[in-house]
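Hi everyone, thanks for coming. I'd like to walk you through one structure today, so please have a look at it first.

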Amino acid sequence: MPSGWQFDAPADTPILLAALAAGIKLPSLCRNGTCRACLCQARTGGEPAPVAYRIDWPGLSREEKGQGWLLPCCAYARADLVIDAPDAALC
């Protein structure tokens, strides 16, 4: 958002890798949820993003998760979502 770019994110693929496979580069460094370089927010109206993590601590506080923040490097989409990723670029 607001680019209007869309991509599919299979349930077994982190959002970051799904975006890259679709030709969209999201910011990232560590790819394990600790550096927060990929931090973005889902447009959920202040609700948690419909994502799952394979680790309990993916670098987000409980409050951040509750506000829709997510780390696409280690987040797996569980439903359609719209994210604000201002530094995204086509690759």
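**A short tour**

Let's start with Arg-31, which sits in the loop between β1 (24-25) and β2. Those element names come from DSSP runs, numbered from the N terminus: helices are H or I with at least four residues, and strands are E with at least two. Before going on, keep in mind that this is a predicted model, where local features need pLDDT of at least 70, side-chain atom pairs count only at pLDDT 80 or more, and totals for chains, interfaces and linings use all residues. Residues are numbered from 1 along each chain as its sequence is written, and side-chain values use heavy atoms, with hydrogens and water left out.

Back to our arginine. Phi of Arg-31 is near 65°, a positive value in a residue other than glycine. Arg-36 is in the loop between β1 and β2 as well, and its phi is near 70°, again positive without being glycine. For the cut-offs, buried means under 20% relative accessible area, exposed means over 50%, and partly exposed is in between, using a 1.4 Å probe and protein chains only.

Now, the sheet. Strands of a sheet pair through backbone hydrogen bonds, either parallel or antiparallel. Here we have an open sheet of 3 strands in the order β4-β2-β6, with antiparallel pairing. β4 (69-70) and β6 (83-84) are the edge strands, each pairing on one side only. By pairing I mean that DSSP finds at least two bridges between two strands. Strand β2 (residues 40-42) is joined to β6 by 2 bridges, and Ala-42 has Ile-83 in β6 as its bridge partner.

Ile-83 turns up again in the core. The largest nonpolar core has 21 residues, and Leu-26, Tyr-53, Leu-70, Leu-71 and Ile-83 have the most contacts inside it. Such a core is a set of buried Ala, Val, Leu, Ile, Met, Phe, Trp, Tyr and Cys residues joined through side-chain atoms within 4.5 Å. The largest share, 3 residues, comes from α1.

So what does Leu-70 touch, leaving aside its neighbours within four places in sequence? Its contacts (heavy atoms within 4.5 Å) include Ile-15, Cys-38, Ala-42, Tyr-53 and Ile-83.

That's my tour, thanks!
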